[in-house]
Amino acid sequence: MKDDSNNSPISTDRRRVLLGLGAAGAAVAGASLTGNAFAATPPAPAQVTEAPKSEKTQDHNEFHGIHQSGIVNPRPTAGMMVSFDVLAQDREDLERMFRTLNERIAFLMTGGAVPQVDPKLPPLDSGILGPVVTPDNLTITVSVGDSLFDDRFGLESVKPKRLQRMVGFPNDALEADCCHGDLSIQFCSNAPDSNIHALRDIVKNLPDLLLVRWKQEGTVPAQAPLKPGQAPESARNFLGFRDGSANPDSNNQKTMNELVWVQPGSDEPAWAANGSYQAVRIIRNFVERWDRTPLQEQEAIFGRVKTTGAPMDGKTEADVPDYHKDPEGKITKLDSHIRLANPRTAESQRNLILRRPFNYSNGVNKNGQLDMGLLFICYQADLEKGFITVQTRLNGEPLEEYLKPIGGGYFFTLPGVVDRNDFIGRSLLAASAQTTKTA
Amino acid sequence: MKKSPLALLLTFGVLQTSMSAFAATAPLDLVTPVSDYKIYVTENVDTLAADTQKFTDAIKKGDLAAAKKLFPTTRLSYESIEPIAELFSDLDASIDSREDDHENGVKADDFTGFHRLEYALFSQNTTKDQAVFADKLLADVKELQSRIADMTFPPEKVVGGAAALMEEVAATKLSGEEDRYSHTDLYDFQGNVDGSKKIVDLFKPQLEQSDKAFVAKVEKNFATVDKILAKYKTKDGGYETYDKVKEQDRKALAGPVNTLAEDLSQMRGKLGLN
Amino acid sequence: MNSTANGLPPKKAKPSRALQFAVAGSVVLMIAAGAMFYFASQAAQKKRVANAGNETVVTINAKSCEPNSITVPAGKNAFRIVNASDRAVEWEILDGVLVVEERENIVPGLSQIINANLQPGDYAITCGLLSNPRGTLHVTPTAESDAAAKARPSMVAFIGPLSEYRVYLSTQSSALIRTVNDLQQAIDSGNLAQAQKAYAPARAAYQRIAPAAQRLSELDNAINARADYYEKREQDAGFGGFHRLEFGLFSQKSVDGLAPVVQKLQADIASLKQQLLAQSIAPEQLASMVVRNMRSIAEVRSNGEEERYSHLDVNGFAANLEGTRKVVDLLRPLLTKTSGEVLKKIDTASTALDDQLLMLKTADGFKPYDQVSTEQRQQIADKAKALADALDGIDPALGLSGL
């Protein structure tokens with residue numbers, strides 16, 4: 001047979017593998033690797049522009065649930081936080097916005113063929129992922145900002161109690177262009193392109209209702225799969241340290257109900273039950289300076305061993321530091337990052353937060369230094385007991401020499417969409433319906 | 001398991017690890033340079049106080065031209081002692097923060113200090129209503145003077161200050177964004193470089209014991225930086241505005257500046273300090 | 001002489017172990033070593049008390065001392081100094097130009113015991129009149145002194161305090177220069193009242209740094225020696241410095257002949273500043289020199305002999321206390337970490353002495369000493385002794401005391 005690896009178009013067999021058509025496709029791919037009769041010859045070496053392969057493009061998350069997704073699920077490789085100004089003029093528009101968002105999110109998270117229209121018209125989809133949209137492990141999480149609860153939509157009286165406009169901390173250099181917003185949407189998936197595809201879909205479908213205010217993409221580095229018996233390891237940040245050690249157990253329902261999810265019957269408005277507070281911080285890292293800092297100083301600043309992520313008095317990342325044995329901070333310094341963030345006293349147990357950050361890399365600044373850092377995202381049932389308390393404890397920490405928070409905001413993550421009759425934001429609208437003046 | 005020759009040598013302690021490859025600086029040998037540095041800083045902050053008095057007097061008298069002239073030269077002493085000044089983060093913020101550091105920019109209530117006055121003098125071209133900022137700057141500088149007198153200088157901050165000053169240059173001076181209204185960045189640039197060089201000079205004897213080539217390399221880079229900055233000196237001993245710096249000179253400065261930051265980041269380790 | 005100028009044993013050739021101490025560098029190591037030290041020194045102390053009969057007797061005659069050449073082992077030594085001359089003498093152990101231990105004002109016909117904790121090396125001893133030749137003291141190493149040298153705590157924690165003290169010496173020396181210049185101007189203008197007035201602040205500036213200045217034996221003699229230490233006392237051609245000026249201004253009540261004296265003093269003060277900045281002070285000496293200074297108040301200077309013409313003794317004591325408190329404050333962070341009780345004792349004793357002196361405060365200074373009663377003088381002596389005893393706790397607490 002003529003060798004078609006250089007000039008001819010990709011065979012249909014190969015295209016099936018690329019699309020990863022469900023289990024059959026995976027089996028085909030797997031079978032060809034074990035060299036059975038289906039592919040008599042080994043695959044030819046890839047072309048320059050041949051699409052990279054993934055067997056995970058069909059991974060998907062349930063859209064319906066009492067909570068939104070993208071919070072306690074394991075964080076995938078790529079994330080994006082987008083903040084919007086809501087352009088809706090009235091409650092009717094606001095409802096249309098939420099319903100349309102609901103429809104788009106449901107589709108994007110499930111995947112499927114894109115409806116084709118007359119070629120004289122612009123296509124309905126950007127086409128980045130091809131004619132059949134793949135979910136690629138996408139989660140799309142919608143949260144509302146303090147500014148949405150102004151006098152536009154009659155939402156004032158149902159604002160979550162602790163939702164507020166972010167105020168700068170002492171080390172902040174907040175840029176107005178990267179802060180706050182009426183609405184935030186967090187996109188997470190296996191690849192930046194899947195997030196971008198989803199964003200472009202939403203922007204295209206809500207032109208009169210949403211305006212992008214700021215966005216920040218991020219990634220986390222992948223590792224080899226865990227060996228049997230190997231403990232899970234947090235992904236590293238751009239300072240080279242594991243980020244997310246000591247996160248509360250996201251698989252523990254009880255813990256999540258205590259720390260992350262607003263509970264029914266709490267002092268929050270009833271509609272907010274099963275939602276959460278989201279704190280977003282775009283934190284620039286001065287990486288050149290960090291890379292010029294002695295290793296032992298880096299470890300003293302964090303309070304952890306760099307290679308393993310273990311605390312200074314431990315062996316593995318999962319070990320819990322024993323501060324009772326170290327009251328003067330000789331082993332883990334009193335002003336180290338982890339000790340300030342969580343001093344592990346009985347009281348500080350109430351201030352735990354669920355962190356889910358990504359690393360971002362934007363560009364170069366005028367001094368020729370790299371603009372990269374942490375897209376910090378965390379979730380908690382009480383914004384004040386959570387992020388605000390923790391960050392206040394961190395004010396003045398030695399790590400600040402290497403950080404400059406420049407953006408972000410506080411949002412309230414809406415409760416989940418429970419079924420087909422529900423839509424994102426429905427409970428918020430329903431709760432505020434009685435209090436609105438008629439037009 | 002068969003040990004590698006390297007591992008065997010390490011076991012027998014014959015091979016020097018990189019840690020013990022530094023010839024020891026007896027810690028007490030650092031007392032003289034550390035105290036000489038405090039004397040240098042004290043002299044500079046005393047000069048700063050005297051100059052700030054003159055600067056703020058000119059503002060309060062309404063003498064715009066004099067105030068503009070005194071702005072960059074007054075800042076020189078502050079920029080040379082930056083590693084010590086920034087140990088007092090509250091004073092550093094109220095004396096030297098830039099508009100970027102405040103969410104409400106120039107309108108922020110807590111935007112005070114040199115750059116707030118710079119904004120009025122060079123952007124708004126006025127001394128009107130600036131008395132309150134002038135008074136606060138003078139009070140803050142005097143407070144800095146008194147805190148420096150009472151503070152025992154941590155030796156690692158003194159030695160690390162040489163690198164910290166070059167980090168300051170690398171991060172904020174190459175772009176000309178420090179003094180964005182007056183464009184007097186070259187004065188600050190020189191102040192940072194002089195402060196860094198002073199520290200290297202004070203510790204030169206100890207460093208040379210440890211690594212003569214290191215000192216030679218560092219001095220060469222300082223000389224390159226000084227040579228380029230000198231091109232922009234004016235007849236009265238000041239500096240041209242930053243917009244006059246040619247693109248190729250800006251690039252020519254970046255190399256030695258970043259290399260100095262890299263090299264000086266090793267100073268503490270070479271002197272046996274954490 | 002094979003010991004270094006600052007009294008430490010010669011540096012060992014191999015750097016790596018010392019560097020490892022320095023790199024580990026933290027108070028942790030210092031405290032651990034200090035604790036080890038302290039227990040070792042307690043044990044050694046008990047041994048020494050058992051050997052209490054081991055004194056070296058030195059007799060000071062009119063023109064020399066006997067024996068003139070002494071050898072003792074390293075560690076705690078007791079010297080019994082017998083004054084067989086006809087005037088009060090002081091006795092010093094010198095390391096090059098630096099005073100390691102001293103005892104002032106040993107009364108004729110009596111003896112005093114001086115305890116000195118000595119490192120191995122060669123020293124000189126003074127023998128009465130400043131014009132008498134010196135003797136030699138050879139201190140041999142012992143097993144304990146070798147072990148102690150090896151176990152020395154990390155010096156990194158002392159860089160800060162020692163640097164600050166050096167800065168203090170610099171600024172106080174500058175103040176001393178200024179005040180002596182004022183004194184010189186008053187003398188030159190012939191104004192006795194002004195000169196008398198200028199004497200006190202100059203003397204206070206000196207007394208603040210006296211503990212450090214008094215380590216520089218020869219220079220300090222030129223600046224601070226009393227008439228007694230000279231053969232012809234007040235009439236001796238060598239008698240100069242502060243007390244010669246004091247004699248002229250307050251006893252003879254005239255500025256005549258003082259111009260060259262004050263000029264020499266200016267030159268000596270300039271030298272003093274230079275040498276103070278050039279001489280390094282070992283951490284253990286920082287504490288021990290203020291101990292000596294307070295003991296000299298308790299045991300000698302409370303008798304009013306120091307400022308016998310001007311009676312400005314309390315002025316000097318207050319300045320000494322200021323200088324002592326400076327040292328304590330510089331060591332405070334280290335002491336707070338390791339030994340809060342020692343610090344408390346020191347603070348209590350220091351406040352007590354301060355209160356005692358404040359009782360003698362007047363509108364423009366302090367009561368002249370000839371108006372201070374014997375009981376009050378005893379009170380001052382007692383409080384100074386209590387402070388000296390409390391300060392003695394510093395070196396063991398910081399792991400610096402050797403044996």
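Reader: How many salt bridges does the count give between chain A and chain B?
Author: A salt bridge here is a side-chain nitrogen of Lys or Arg within 4 Å of a carboxyl oxygen of Asp or Glu. This is a predicted model, in which local features need pLDDT of at least 70 and side-chain atom pairs count only at pLDDT 80 or more, while totals for chains, interfaces and linings use all residues. Side-chain values use heavy atoms, with hydrogens and water left out. Between chain A and chain B, the count of salt bridges is 4.

Reader: Which side chain meets that of B:Glu262 in a salt bridge?
Author: The salt bridge of B:Glu262 has an N to O distance of 3.2 Å. On the side of chain A that touches chain B there are 4 nonpolar, 5 polar and 8 charged residues, where Asp, Glu, Lys and Arg count as charged, Ala, Val, Leu, Ile, Met, Phe, Trp, Tyr, Cys and Pro as nonpolar, and the others, Gly among them, as polar. The partner of B:Glu262 is A:Arg292.

Reader: What area is buried between chain A and chain B?
Author: Buried area is the accessible area (1.4 Å probe) that two parts lose on being put together, summed over both. Carbon and sulfur atoms give 33% of the area buried between chain A and chain B, the whole of which is about 1500 Å².

Reader: Which residues of chain A lose the most area to chain B?
Author: Chain A brings 17 residues and chain B 21 residues to the contact, which is defined by heavy atoms within 4.5 Å. Together accounting for 44% of what the chain A side buries, the residues that lose the most area to chain B are A:Arg289, A:Arg292 and A:Asn367.

Conventions:
Residues are numbered from 1 along each chain as its sequence is written. Chains are lettered from A and ligands numbered from 1 in the order in which they are written.
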